[in-house]
Amino acid sequence: MSAPLLSIEGVTAYYGAIAALKGVDVTVDEGEIVTLIGANGAGKSTLMMTIFGAPQARDGRIVFDGRDITRVPTHDIARMKLAQSPEGRRVFPRMTVLENLQMGAAVTSYAHYDEDLERMFAIFPRLKERASQRGGTLSGGEQQMLAIARALMSRPRLLLLDEPSLGLAPLIVKQIFSVIRELNRTEGLTVFLVEQNAYHALKLAHRGYVMVNGRITLSGGGRELLEREEVRAAYLEGGRH
Amino acid sequence: MTLRHDDAPALPEDVLLRVERLTMRFGGLTAVNDVSFDVRRGEITALIGPNGAGKTTVFNCITGFYKPTVGRLTLQSGNGRFLLERLRDHQISRTAGVARTFQNIRLFGGMTVLENLLVAQHAPLMKASGFTLLGVLGIGGFGAAEKAAIDKAKAWLERIDLIDRADDPAADLPYGDQRRLEIARAMCTDPALLCLDEPAAGLNPRESLELNALLRSIRDRDGTALLLIEHDMSVVMEISDHVIVLDYGKTISDGAPRAVREDPRVIAAYLGVEDEEVDEVEREIEEAAS
Amino acid sequence: MAAPASPAAAPSPLIAAVKDAGIAALIALGLALPMLGLVTTQTQAGMGLVPHWDRVAIAVVAVFAGRLLLNLTLWRPGRRKSALAVPPKVEATLARTAKYLGPLAILFAIVMPLLPFTERYAIDLGILVLTYVMLGWGLNIVVGLAGLLDLGYVAFYAVGAYSYALLAQNFGLSFWICLPLAGILAAFWGVLLGFPVLRLRGDYLAIVTLAFGEIIRIVLLNWYWFTGGPNGISGIPRPTFFGIDFDRGPDGFAATFGLSYSPLHRILFLYYLILALALITNLVTIRLRRLPIGRAWEALREDEIACRSLGINTVNTKLTAFALGAMFAGFAGSFFATRQGFISPESFVFMESALILAIVVLGGMGSQFGVAVAAVVMIGGFELFREFSDYRMITFGLVMVLIMVWRPRGLVSSRSPTVFLKEKKAISGALVQEGHG
Amino acid sequence: MEYFLQQLINGVTLGSIYGLIAIGYTMVYGIIGMINFAHGDVFMVGAFLALIVYLALVAIGITFVPLALLIVLLVAMALTALYGWTVERIAYRPLRGSFRLAPLISAIGMSIFLQNFVQQAQGARVKPLQPVAPGGFQFGAADGFVVNVSYVQLMIVGATIAIMTGFTLLVTKTSLGRAQRACEQDRKMAALLGVDVDRTISLTFVMGAALASVAGLMYLLYYGVIDFYIGFVAGVKAFTAAVLGGIGSLPGAMLGGLLIGLIETFWSAYFSVEYKDVAAFSILAIVLIFLPSGLLGRPEVEKV
């Protein structure tokens, strides 16, 4: 078996004095969609940011594509074919859609900028209509599309997606999830997805992890987790955790 | 000076808030376009629609954070009749009795849970402290008033199950607790209308259920009408008595939850067709597994 | 798995440290060479340059040695992060001891002048420090509690001082009548200036308050017939012991109380006067924090929009903070005038505002105890270095930078709740907002 | 009329100097949201460095004025930039992501330090410089009043226009400018996209300091005398200009600088010299009351 594309080994991370991650092990293989589900505040987004070195892991290590990136500065990690569409989308509000996409391509020195731009506009036709509009004036769904497109502009091997469905209308959520699946299937894009929307995420993913209070408590195939009693109870139907 | 507008046309007995021809423009952009609806007493009214449909803008007009470009917002409660578009934001809360919560929770994070609930009772306490003058000198009935305020806060903390955390800073609470605390804080102003901006966002299904119970009890026990923006259809269908759907700044549907849910315009704009994409993936995974 | 070594574990820490120090020395050379090495001097033929290479050499060597030392000790790889941060436990202990240290400090302030070894210089210094403690506490209401950044606080200090001077000179009013009048006038100016600008946010408010401070100073400087212009006002009536002068005469303080005359009486009186004024400021502030207005200030600092949604009139709330802060500055100003007997616009420059603000921020915004400590450290420390007057200001500036880098939230950063059900727990400074007003 | 024209020219010259300093405030504010209180003193350092370099050139015999000025410009820019970089490194970078007031106090400390450092290093006395490029053009001698435009004034206005154009292009068209704007809007996101945030911020300080040194050189040439205290006064004015124009906006800084220069000049010419600063500050306050974000600043939309 070949080494995983991303492996997170015993990682702990702190915000000030508060431990947000308490020893997390996760692996993502090439070509997979892996999802991490868990309640708000469980540490999912912290893990996403810790992969990018902000905050840096205090213990443990993170290896991407055979290289230890635990102590590498954030901006250098971003130059390693690893991209993130972060929590809250973080579209640059006073830059146009086009400039936002240019920012995404900055790490590739614009080598295949035109080609990639066309591709993004093909995937998200809505963005083409809004190309010269400022990021801050887009609706939530459009911003989410832009955030994903911006991440894809760097031609990543691994895409980290943090809560792409948060605050979006059901219809838009469906569109976004179908784009993710499409990219994975046709281009073999590896995706590590953090979601609160456990049902959709587990249905989409090949494998899943469940995080509670900074620890991984369960892992397994996406469908398998969907069937698990604990998962259903805590994240799908409500009731006792 | 009175802030009441009793000369404005009266509303039917069961209507608490009437929004008429509300339009809001920002520069060239029309965020809300000629929207009218009623919020009735003793009901939970839900405002739904795709992102960017203008829901939060409607909210901000009702709660005074924006002045509408055009339109009339009449609120008729036990305190009299008010034209909200003519009041300043703090008057809308204090005088007309409209309270709200925010999409991104806005608690006073560096103050304790209890302090948060006391700040909400600012107006009556201010009066009791003789507008600070008597309070500084330590005379007047401030002590008693503060005790009453603390009791009220305690009662709310019992209700939202946070009494044990009364002395902790609000920012230290888990997300779901913060949401409930924000609702309790708004309720401490004794509102006639409580406006909630996505109260269930970020809650897990269990917390969501608890929230439903809380909102129902506010409607039934406190007699406060609720107006809420929500994406979680399970919450909307479960608890609301009346649903209004906005799209591109216009009302596209208005009625009982069941009727709205089946309205073809709502399905096209907001809910979308069946879960076919997701089902497709399911099939693929099964194929791959076998 | 063969992951390459991370950059932090470079070959030899010593070589890395020397290399780093070398770069720092090179930068120091670039900075020092023209500025320290070539001194512009007026000669008969016009301007010329006089070389001072020795100073450049000293600077470069000092930077190299200092940096190397730091690299090998405090900044050793791996230690870097925690070296300067104060652990939360220590922080909590500090906050707890502050509760007992406060009364102790007040006790000390009361008995200090009466101790046998206390010299007149110490009492003078005490008066100076207490004046700044009071000013710091006054500004703390505005900046620390309400979260409004005021860069022109000294203007209200000036209003108080000039009010007293002019009222006392032109109408012969006594200090005890002028004191409240000066406070009221300063508060009035606070409202007058505050009203139009308090809806400005953050740094816009800062520049406008700075501008007002400058406007008031310029007016004082140029309105000759009224303020005496740059010459200021001299011969301001000295304070009396409730009508009894501190002089040698038969009606003087010494004669009235059957004491032998000593110039120290007046100094002692002034000392206790400012101590009382400062303590009143403190007491009122502590009281206000527990009243709805004080809670509204802090809520305003935390989140203005939420305040508005709860029916709090933010404009009035801000104005009250502004006016009260100004009032205490006014009191302090009239004390300053009566103590000095002479005032001029030179005492009310922007640096004073900056200094008071620095005291508030260094002390820990909102913390009464922290502000007092910061005033003692800054003013007391500054006065103690009087002998090294050449390098005093340079050090002063540098110390300000270093303290901020060391403790960005000030000395006492935790907040104490105003009310509690079961247990009063200090709130970590990291959770407390500092306002955007 | 000639009097008016003369004042207009003087005002534009002064405004150009203020504008160049104001850009430094506005850029730093834009990118890290702090008032760099020491910027006025960096300008003062720039003026001193320009004087020192010029005197050094004279000492080694380079007296051809255009060449000398060009060398002075380049060397002073580089050295002042080094000061700007060092100030950021020592006093601000450790406070990154900290509370808003901490860097402000740190900046005030840095300002005190720089002022007294220069005073100790170079002496407290004023430093005069005999005119480097005397002379100029004269117009309209008809009714006895002559409008003078000195070479120095032309140089100042010309250089300002050139630098402003270059700067606008840099910020709007290059990837460095885009990175700067990205850091301004969302630093964390910029880092996630591979932007080296620390380096970008350092570069901003370097650029601001370089511009301040240009202003310092101009001040030296225009007034012919500098001292260690010019930084505070000019700094406060330039800061006022930046806020008046709308802090964070480059064209705003230039516009604000011009306005402050014109207000000051005209007020001194027609009313009273003593109250020229009062006029400038009052207009700032009045503008802000009606346009709370300054003339060209983006209105702060309250996100609720």
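This is a predicted model: local features need pLDDT of at least 70, side-chain atom pairs count only at pLDDT 80 or more; totals for chains, interfaces and linings use all residues.

1. Let me start with a term: two residues are in contact when heavy atoms lie within 4.5 Å. Residues are numbered from 1 along each chain as its sequence is written, chains are lettered from A and ligands numbered from 1 in the order in which they are written, and side-chain values use heavy atoms, leaving out hydrogens and water.

2. Between chain D and chain C, about 5,900 Å² is buried, and carbon and sulfur atoms give 74% of that area. Buried area here is the accessible area (1.4 Å probe) that two parts lose on being put together, summed over both. On the chain D side, D:F99, D:R100 and D:I105 lose the most area to chain C, together 12% of what that side buries.

3. What about polar links across this interface? The rule finds 0 salt bridges between chain D and chain C, a salt bridge being a side-chain nitrogen of Lys or Arg within 4 Å of a carboxyl oxygen of Asp or Glu. There are 6 residue pairs in polar contact, both residues at pLDDT 80 or more. A polar contact is a pair of N or O atoms within 3.5 Å; within protein, one must be able to donate a hydrogen and the other to accept it, and residues adjacent in sequence count only if both atoms are side-chain atoms.

4. Helices (H or I, at least four residues) and strands (E, at least two) are DSSP runs, numbered from the N terminus. D:N116 lies in this helix. Leaving aside neighbours within four places in sequence, D:N116 is in contact with C:M393 and C:I394. D:N116 is buried, with a relative accessible area of 11%; buried means under 20%, exposed over 50%, partly exposed in between (1.4 Å probe, protein chains only).

5. Now the nonpolar cores, sets of buried Ala, Val, Leu, Ile, Met, Phe, Trp, Tyr and Cys residues joined through side-chain atoms within 4.5 Å. The largest has 378 residues, of which A:F192, B:L181 and C:M35 touch the most other members. Helix α4 (residues 120-145) of chain C gives the most to this core, with 15 residues.
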